[in-house]
Amino acid sequence: MSKQAVGVGASLILACLVSLVSSELEIDLQRIVQNYGEHLVDARELRVRKINRTSHALNGTVRVAVDLDNDYRVSLSLAHSRLGNNQFNIYPMKIPEQRNCILLNSSYREYQSLFREHSNMPQVPPEGMCPFRKGTYWFKDAIFSADHFPPYVPEGYWRFTFEYLGPMENNAIIL
């Protein structure tokens, strides 16, 4: 059993199916769940919506309640289930816990094109960006292309867990 100190972070889980169709990877979003941290990043209005017979997209809004500066840390972990039976195994591909501004100016910048046409998420300029400004960010028919996945990603169900951890002045996370 884990106990999280109040006001310390937020967690979002995005589940998707990766399948091989005509020798190309396809991404099929399944669901998005927020475990805790609505006071920091509120994604309860973000949904996966079926667009047509074969496509699912991300729609809705995310509210960021505070400017996410370098006092906040973020990580992304991946888990894989070959059969889709909720028996997920942690996968070695991840973004390790790092300061928010470092993530914004590296990994986020690399993948920000995913959101450019389907969201008002900020785009990192060449000189960099910090902090990630508080506000309401929308997603409209955001479909994730398999072009951004490495070619060696195995088929099956994937769980992406994004975690934001905040300033920990005299707070502790007890596992």
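Mentor: Begin with a definition: helices and strands are DSSP runs, a helix having at least four residues and a strand at least two, and they are numbered from the N terminus. Keep in mind that this is a predicted model.

Trainee: In what order do the elements of the protein run from the N terminus on?

Mentor: The secondary structure comes to 1 helix and 9 strands. Read from the N terminus on, the order of the elements is β-β-β-β-β-β-β-α-β-β.

Trainee: What percentage of the residues in the protein is buried?

Mentor: A residue is buried if its relative accessible area is under 20%. The protein has 175 residues, and the buried part of them is 42%.

Trainee: Among contacts between residues at least 6 apart in sequence, what share joins residues at least 24 apart?

Mentor: Contact here means heavy atoms within 4.5 Å. Among contacts between residues at least 6 apart in sequence, the share that joins residues at least 24 apart is 63%.

Trainee: How far apart in space are Leu165 and Val74, C-alpha to C-alpha?

Mentor: Leu165 belongs to strand 9, residues 156-165. Leu165 is buried because its relative accessible area is 11%, and the limit for buried is under 20%. In sequence Leu165 and Val74 are 91 residues apart, but C-alpha to C-alpha in space they are 6.2 Å apart.

Trainee: Val74 may come up again. Which residues does Gln98 touch, not counting those up to four places away in sequence?

Mentor: Gln98 is part of strand 7, which covers residues 89-99. With a relative accessible area of 16%, Gln98 is buried. Leaving out residues up to four places away in sequence, the residues that Gln98 touches are Tyr72, Arg73, Val74, Leu103 and Ser106.

Trainee: Now the cysteines. Which two residues form a disulfide?

Mentor: A disulfide is a pair of cysteine sulfur atoms within 2.5 Å, and by this rule the count comes to 1 disulfide. The sulfur atoms in that disulfide are 1.5 Å apart, and the residues are Cys101 and Cys130.

Trainee: How many residues apart in sequence are the parts that this pair ties together?

Mentor: Cys101 lies in helix 1, whereas Cys130 lies in the loop between helix 1 and strand 8, so the parts tied together by the pair are 29 residues apart in sequence.
As for cover, Cys101 is buried at a relative accessible area of 8%, while Cys130 counts as partly exposed at 40% relative accessibility. The separation asked for is 29 residues.

Trainee: Is the peptide bond from Cys130 to Pro131 cis or trans?

Mentor: Pro131 is found in the loop between helix 1, residues 100-111, and strand 8, residues 135-142. Omega of the peptide bond from Cys130 to Pro131 is near 5°, and the bond is cis.

Trainee: Next, the rings. How are the planes of Tyr108 and Phe115 arranged, stacked or edge-to-face?

Mentor: A search of the whole structure finds 5 aromatic pairs. Tyr108 and Phe115 form an aromatic pair, 6.4 Å centre to centre, with 20° between the planes. Planes under 30 degrees apart count as stacked, so the pair of Tyr108 and Phe115 is stacked.

Trainee: What angle lies between the planes of Phe132 and Tyr137?

Mentor: Phe132 and Tyr137 form an aromatic pair that is tilted, 5.2 Å centre to centre, and the angle between the planes is 55°.
Both Phe132 and Tyr137 are buried. The angle asked for is 55°.

Trainee: Which residues form one aromatic cluster?

Mentor: Tyr108 is buried with a relative accessible area of 12%, and Phe115 is buried with 15%. The residues of the one aromatic cluster are Tyr108, Phe115, Phe132, Tyr137 and Phe139.

Trainee: Over the ring of which residue does the charged end of Arg159 sit?

Mentor: A charge sits over a ring only if it is within 6 Å of the ring centre and within 35 degrees of the ring normal. The charged end of Arg159 is 4.6 Å from the centre of the ring, and that ring belongs to Phe88.

Trainee: Last, the backbone. Is Asn86 buried or exposed?

Mentor: Asn86 lies in the loop between strand 6, residues 73-81, and strand 7. Asn86 is not a glycine, yet its phi is positive, about 65°. Exposed means over 50% relative accessible area, so Asn86, at 58%, counts as exposed.

How values were computed. Residues numbered from 1 in each chain as written. Predicted model: local features only at pLDDT ≥ 70, side-chain atom pairs only at ≥ 80, totals over all residues. Heavy atoms only, no water. Buried < 20%, exposed > 50% of the residue type's maximum accessible area, 1.4 Å probe, protein only. Phe/Tyr/Trp six-rings, centres within 6.5 Å; stacked < 30°, edge-to-face > 60°.
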